[in-house]
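I opened my notebook for a friendly look through this model. Here is what I looked up, entry by entry.

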Amino acid sequence: MTQIAAPDLTVVVPTYNERENVRELVRLLDRALGKIVWSVVFVDDESQDGTADEVRQLSQTDPRVKLIHRVGRRGLAGACIEGILGSEAPVVAVMDGDLQHDERRLADMYQIMQDSQDTDLVIGSRNVTGGTSGDGLSRVRKWGSDRATALVKRLLGLAVSDPMSGFFMLRRRAFNEVVCGLQTHGFKILADMLSAAQGRWKVVEIPYQFRARTAGESKMSINVSLEFLALLISRMTGGVLPVRFVLFLFVGATGLFVQLAVMRLAMLVLGEEFVWAQGIGVLVAMTSNFMLNNMITYRERRLKGAAFLRGLVSFYLVCTVGAVANIAAATALFHFLPLWFVASSIGAIIGALWNFWASLIFTWRAT
Ligand code: GDD
Ligand code: MN
C-alpha cells in the first residue's frame with residue numbers, strides 16, 4: 001500500500017470541518033486511481049471538529065496523505081492555492097473534501113492530460129451533457145448558481161460551461177503562470193484562474209454528477225456570495241481593486257444609509273438640533289460599519305470580546321482621521337479647482353482609502 005516514488009498526480013483537498021469525510025475520501029481515491037502514483041494534500045483552516053488530527057493520524061500509516069495546517073486564515077481559494085503550490089506532482093487536481101465530487105472521474109481527467117500534453121486544464125463540469133448538479137444543490141441554490149454562472153461568463157468573458165466548479169485538474173506549469181495574479185479571498189478559484197489566464201489555456205471539460213453531501217455541512221453563505229460579487233468587480237478592474245477593498249466599499253455604502261436613517265430619527269426626537277442629530281448618525285454609522293466589516297470584510301480574523309472593544313475604539317479613531325483628511329483634501333482642492341462635485345468626490349475617495357488602509361493595519365492588523 002505504501003510507496004516512496006514521487007507522485008504523478010497530487011490531489012488537493014481544502015477542508016473545513018470535514019473530519020467524518022476524510023478517511024472515506026482517501027479510501028475512495030485509493031480505489032479510483034488504480035495505477036496512477038498519487039498523493040493527497042489536505043489543506044485545513046483550523047477546523048474545530050479535529051479534521052487536521054484525523055489527517056495527521058492517517059498520514060502516520062499512509063505516506064501518500066499530507067496535511068497543510070493553516071492558522072489565522074480562512075478561505076477556500078487561498079487554501080487551494082497553497083495546496084497546489086505545496087504539491088510535488090506535475091499534475092494537480094483540486095476537489096472538495098465532502099465526497100460531493102466524483103473521484104471516479106479523476107482517472108479520466110488524468111488520461112486526457114496524458115494523451116494531450118498541451119491541455120492545461122480539465123474541468124469537471126455539471127453543465128455539459130452527462131453532467132448534473134443532481135442532488136448536490138437545493139433548488140434555490142441551483143437557481144442562484146445558474147445566475148452566478150451566467151454572470152461570470154458574461155462579465156469575465158469565459159467560454160467554459162462551469163466556471164464555478166470546484167473540481168478540476170491542471171498542470172503545475174500552467175498554474176505557475178497565473179498564480180501571482182490570483183485572489184486568496186473567496187470561494188471561486190477556477191473562475192479567477194480562467195480570468196487570469198486570459199484565454200491562453202487549452203481547456204477540456206468533462207461531465208460529472210454532483211453528489212449530495214452526507215456528512216458535515218456546506219460552508220456556502222451570504223458572506224461567500226458577497227465575496228463572489230466582490231471577486232467579479234475586482235476582476236473587472238483587472239485586479240486593481242482587491243476583493244477586500246471592494247467588500248469594504250460595500251459596507252461603506254450601507255453606512256451611508258444607516259447614517260441618513262438614524263439622522264432622520266434623531267431629528268424627529270431632538271427637533272431641529274441638526275448638529276447633534278448628524279453626530280449621532282455618524283456615530284451609529286461608524287459602529288455599524290465596524291460590525292459589518294468585522295463580520296464580512298475581515299471574517300477570517302473576526303475580533304471578539306476585549307479585542308472587539310479595542311477594535312471599535314481604534315476604528316472610531318481611524319474614521320475620525322479619515323474624515324479630517326477628507327475635508328482637508330477637498331477644501332485644498334476646491335481652492336485650485338472650484339468644482340464642488342469633483343473636489344468633494346476626491347475628498348471622499350481619499351477618506352475611504354485612508355479608512356481602508358488604516359483599519360487594515362491598526363484595527364484588524366491584517367498586514
Ligand atoms: N481550507 C478551507 N478553508 N476549506 C474550506 C473553506 C475554508 O475557508 N470553506 C470551505 N472549505 C472546504 C469544505 O470543507 C469542502 O471540502 C470544500 O471546501 C467545499 O465547501 P462546501 O461548503 O462543501 O461548498 P459547496 O458544496 O457549497 O460548493 C462546492 O461545490 C460547488 C460545485 O462544484 C464548492 O467547491 C464550489 O466552489 C463549487 O462551485
Ligand atoms: Mn460541498
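Which elements do the buried residues of α4 pack against? I found β1 (9-15), α1 (19-33), β4 (91-94), β5 (121-125), β6 (168-171) and β7 (203-207), with contact meaning heavy atoms within 4.5 Å.

Ground rules, before I go on. This is a predicted model, where local features need pLDDT of at least 70, side-chain atom pairs count only at pLDDT 80 or more, and totals for chains, interfaces and linings use all residues. Residues are numbered from 1 along each chain as its sequence is written, chains are lettered from A and ligands numbered from 1 in the order written, and side-chain values use heavy atoms, leaving out hydrogens and water.

**Helix α4.** I listed L106, M109, Y110 and M113 as buried in this helix, residues 106-115. Buried is under 20% relative accessible area, exposed over 50%, partly exposed in between (1.4 Å probe, protein chains only). Helices (H or I, at least four residues) and strands (E, at least two) are DSSP runs, numbered from the N terminus. Down the axis of α4, the buried residues fall within an arc of 100 degrees, so they line one face of the helix; the arc is that of the directions from the helix axis to the C-beta atoms.

**Strand β5.** I then checked β5, where five of the five residues are buried, so the rest of the structure largely encloses it. L121, I123 and S125 are on one side, V122 and G124 on the other. β5 pairs with β6 in the antiparallel sense over three bridges and with β7 in the parallel sense over five bridges; pairing takes at least two DSSP bridges between two strands. L121 has L170 of β6 as its bridge partner, and G124 stands opposite I206 in β7.

**Manganese.** What coordinates the manganese ion (ligand 2)? I found D98 (OD) and Q100 (OE1), at 1.9 to 2.0 Å. Donors are N, O and S atoms within 2.8 Å of the metal (3.2 Å for Na, K and Ca), and water is not among the atoms, so sites may look incomplete. D98 is buried at a relative accessible area of 3%, and Q100 is buried at 8%.

**Rings.** My search of the whole structure gave 11 aromatic pairs. Rings of Phe, Tyr and Trp (its six-membered ring) pair with centres within 6.5 Å; planes under 30 degrees apart count as stacked, over 60 as edge-to-face and the rest as tilted. Y208 and F210 have centres 6.3 Å apart and planes at 85 degrees, so the pair is edge-to-face. Both Y208 and F210 are buried.
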